[in-house]
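Me: I would like to learn how to read a few local features of a model. Please take them one at a time.

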Amino acid sequence: MIAMTNPPRLIAWELTAGCNLNCVHCRGASTSSVPEGELTTEEAKHFIDEVAELGKPILILSGGEPLTRSDVFEIARYGTDAGLRVVLATNGTLLTPEIVEKLKEAGVQRLSISIDGATAETHDNFRGMPGAFERTLAGIEILRKADFPFQINATVSKRNLEEIPKTFELAKELGAVAYHVFFLVPTGRGEESDEVSPADYERILHWFYDMQKESEIQLKATCAPHYFRIMRQQAKKEGIEISVKTHGYEAMTKGCLGGTGFCFVSSVGEVYPCGYLPVLAGNIREQPFKDVWENSEVFRKLRNPEELKGKCGICEYKNVCAGCRARAYAATGDYLKEEPYCIYRPGKK
Ligand code: HEM
Ligand SMILES: C[C@H]1O[C@@H](n2cnc3c(N)ncnc32)[C@H](O)[C@@H]1O
Ligand code: SF4
């Protein structure tokens, strides 16, 4: 019998590597100069056709800054018409009422807006542009007036660790429908020296767990697979069964979806397990997307927990966590080795 591969549930697509900001942590090391060879509008549409044939994932139009690409609305419309749930990730500084209207017309369902500090000083230092915070807040005001749903994405690093709870408060005050924390991955301009310590991961993820229990808006921790262990450890202590009712969407999913439910497509058509793990799975200019998704070596390995090495390989939580493969790669050059930022010793329960 031939083993079936599930289609992706979520695809992040770097429509362009160009950007109007210059963030210290940017995985794409994006700047205002746009590298050559971006997928053309026609190639982009062809890719959408290929994705829609395989399944109906959420398609995240990302970057770089996707709003610097003039055909972004045409691409979004095409994705919507193909039956995909199209969302867009932006730094929020370029939003105008006209752009928001066009995004609505293109059927875009939600925007994510990055806010990496609760004060202008922290955010602007992070984002490499004085005035970015004010411009992003102005962008959010336009979204609110247009009644356009948005989530806040905040990236945790040593530079803003203590302000993270305040960014959550800000997200709620601003009327976000969700708050997603990303944990810095040292790739592109992201530096290992800015990563928070394993003990701080543990502390912030415990805080996140407590917030999730009482929050009225949706919370998600991205690139912190250990959250799924902590969730189980805490629920056990509290004598709670994990269910969608008690723990929301997080009850149904697992730590890292890279290569199993998620992949990243770069501005020149390269396919990766995620935007932080530079191990190439294939290129949609050279191969059908279906072929890359189903057959590439890196995806096949990531789908098999038995491939995990070190303490991740013997951990009782490996099926729900599996560690961050991008951090393992950045630290050792081998994406199957143990997650370097996890404090847990397998077998302790
Ligand atoms: C609806 C608006 C959303 C937007 C705009 C958005 C945006 C993003 C972006 C830009 C990334 C980073 C991708 C990269 O650069 O590699 C990302 C990652 C991710 N998001 Fe979201 N997201 C949204 C909703 C969701 C939802 C609803 C879920 C869960 C069902 C989700 C799950 C994930 C996962 C699993 C990753 C992958 C992290 C990784 O392994 O690379 N997102 N999201
Ligand atoms: C989609 C989200 O990804 C974040 N982002 C950009 N670069 C990195 C990185 N190296 N590590 C973690 N998150 C990152 C952006 O700040 C945005 O909020
Ligand atoms: S993180 Fe986003 S906004 Fe910042 S430089 Fe990278 S692409 Fe631009």
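Me: By class, how many nonpolar, polar and charged residues does the shell around ligand 3 have?

Reply: First, the basis: this is a predicted model, in which local features need pLDDT of at least 70, side-chain atom pairs count only at pLDDT 80 or more, and totals for chains, interfaces and linings use all residues. Residues are numbered from 1 along each chain as its sequence is written, chains are lettered from A and ligands numbered from 1 in the order in which they are written, and side-chain values use heavy atoms, leaving out hydrogens and water. Ala, Val, Leu, Ile, Met, Phe, Trp, Tyr, Cys and Pro count as nonpolar, Asp, Glu, Lys and Arg as charged, and the others, Gly among them, as polar. Here the shell has four nonpolar, five polar and two charged residues.

Me: Which residues are around ligand 3?

Reply: A residue is near a molecule if one of its heavy atoms lies within 4 Å of it. Around ligand 3 are Cys19, Leu21, Asn22, Cys23, His25, Cys26, Ser30, Gly64, Asn91, Arg127 and Arg189.

Me: Where does Gly64 lie?

Reply: Helices (H or I, at least four residues) and strands (E, at least two) are DSSP runs, numbered from the N terminus. Gly64 lies in the loop between β2 (58-63) and α2 (72-81). The peptide bond leading from Gly63 into Gly64 is cis, with omega near 25°.

Me: Is Cys223 buried or exposed?

Reply: Buried means under 20% relative accessible area, exposed over 50%, and partly exposed in between (1.4 Å probe, protein chains only). Cys223 has 16% relative accessibility, so it counts as buried. Cys223 is not a glycine, yet its phi is positive, about 65°.
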